[in-house]
Amino acid sequence: MTLVVITTEDGMQGFGEAKAAVGSSGACASIVHCIENDLKPVLLGKDVKDITRLWEEMYNGTRDHYALAKGRKFPVLGRRGLTISAMSGIDIALWDLKGKMLNAPVMDLLGGACRNEMPAYASGGWADVDNIGAQLNGYVNKGFRGVKMRVGVMDKTVQNSIDRVKAARAAIGPDIKLMADAHGTFSVPEAKQFCHGVQDCNLYWFEEPISPDNKRGTAEVRRATHIPIAAGESEYTSFDINELLELRGIDVVQPDAAIIGGISETMRVAHLASVHQLELAPHCWGSIVSFMAGINVAFASPAATIIEFSLGGNPMMYELVKEQITVTNGMISAPVAPGLGVVPDWDFVREFKQKV
């Protein structure tokens with residue numbers, strides 16, 4: 001991940017995360033270059049509190065004065081891709097700073113908590129057909145009442161994915177929420193075959209069935225099944241999400257704050273989800289920084305009802321900061337610490353910092 005640090009004149013620091021990949025294998029050098037050479041000059045000397053204005057200035061570039069004068073976007077060429085990821089890290093850090101300045105969690109700045117606690121679901125599930133039940137029950141035994149497993153190209157055949165889901169459902173019983181995530185690796189026919197094969201498994205949602213490049217295909221899969229379709233982690237800005245909604249392609253909206261444009265744009269997506277009466281489930285697979293960004297938005301949004309909690313091997317989640325996020329009996333409490341509520345462990349950062 002790219003750890004973004006913004007420091008004010010009086011030495012206060014805010015922390016953000018920008019991603020070059022939805023998983024954990026992205027090369028971040030281009031994001032660092034973009035922040036240092038393209039976006040940092042836009043920000044120096046500006047007021048931290050003017051987050052929305054700064055977002056517009058970064059997104060619209062040299063035409064920002066037109067955008068602010070006319071009230072609509074005049075974006076530069078980098079309106080998608082790693083430029084938006086770079087903006088995401090900056091935006092998250094600005095919200096963290098503003099929360100610290102006002103001594104309030106980011107959630108309060110977004111309107112406050114819609115609920116005092118929310119269920120978390122355990123995100124993992126890579127085991128084969130003979131062991132997937134035991135792996136998921138390991139999560140259930142920790143108190144989680146919802147679990148997510150991986151399917152798709154990793155299984156080599158659609159039937160293997162179907163068999164693993166059936167084994168999972170048989171093992172965890174009917175009362176535990178079960179999600180399946182294909183990471184966009186099925187074709188449209190394969191996704192339809194999978195949905196047909198697991199139609200009796202009561203999936204809570206089927207995530208990223210096909211490539212995010214094929215939004216019409218995603219909508220076609222949705223029309224072919226009663227299983228709720230989830231997507232959004234690979235999208236940039238609320239414009240991309242709005243296109244999915246116009247195509248009636250998804251039931252569950254999954255923006256990633258470190259990719260889509262930061263907390264600002266994630267909240268805009270949350271409003272879209274509410275307007276369309278769809279579920280918001282921010283993608284929280286990454287470091288603790290983007291996780292905290294996602295849960296602050298989730299708690300402030302009436303459309304969010306469940307939080308992703310990584311149970312894979314993830315030092316960026318558990319070792320990057322000294323604070324520990326706890327899930328008790330499958331529930332996570334609303335944030336209370338100022339800003340995002342986390343501070344990097346600088347010994348960890350120094351040990352693993354990449355020279356770029």
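Trainee: At roughly what angle do the axes of helix α4 (residues 82–102) and helix α12 (residues 262–275) cross?
Mentor: This is a predicted model, in which local features need pLDDT of at least 70, side-chain atom pairs count only at pLDDT 80 or more, and totals for chains, interfaces and linings use all residues. Axes are lines fitted to C-alpha atoms, for helices over the stretch in contact, and angles run from 0 to 180 degrees between N-to-C directions. For α4 and α12 the axes come within 5 Å, and they cross at roughly 90 degrees.

Trainee: Which word describes how α4 lies relative to α12?
Mentor: Angles under 35 degrees count as roughly parallel, over 145 as roughly antiparallel, 65 to 115 as roughly perpendicular and the rest as oblique. The crossing angle of α4 and α12 is roughly 90 degrees, so the word for α4 relative to α12 is roughly perpendicular.

Trainee: Which residues of α12 make the contact with α4?
Mentor: Contact means heavy atoms within 4.5 Å, and the helices (H or I, at least four residues), like the strands (E, at least two), are DSSP runs numbered from the N terminus. On the α4 side the contact is made by S88, D91, I92 and W95, and on the α12 side by G262, I263 and S264.

Trainee: Helix α2 (residues 51–60) also meets α12, so which residues of α12 touch α2?
Mentor: The axes of α2 and α12 come within 10 Å and cross at roughly 100 degrees, which means that α2 is roughly perpendicular to α12. From α2 the contact involves I51, T52 and W55, and from α12 it involves S264, E265 and R268.

Trainee: How far is the charged end of R268 from the centre of the ring of W55?
Mentor: A charge sits over a ring if NZ of Lys or CZ of Arg is within 6 Å of the ring centre and within 35 degrees of the ring normal. The charged end of R268 sits over the ring of W55, and its distance from the ring centre is 4.9 Å.

Trainee: What kind of aromatic pair do F144 and F309 form?
Mentor: Rings of Phe, Tyr and Trp (its six-membered ring) pair if their centres lie within 6.5 Å, and planes under 30 degrees apart count as stacked, over 60 as edge-to-face and the rest as tilted. By this rule there are twelve aromatic pairs. The rings of F144 and F309 are 6.0 Å apart, centre to centre, with 35 degrees between the planes, and the pair is tilted.

Trainee: Are F144 and F309 buried or exposed?
Mentor: Buried means under 20% relative accessible area, exposed over 50% and partly exposed in between (1.4 Å probe, protein chains only). F144 has a relative accessible area of 3% and F309 one of 6%, so F144 is buried and F309 is also buried.

Trainee: Where is R248, the residue with a positive phi of about 55 degrees?
Mentor: Most residues other than glycine have a negative phi. R248 is not a glycine, yet its phi is positive, about 55 degrees. With 59% relative accessibility R248 counts as exposed, and its place is in the loop between α10 (237–246) and β8 (252–253).

Definitions and conventions: Residues are numbered from 1 along each chain as its sequence is written. Side-chain values use heavy atoms; hydrogens and water are left out.
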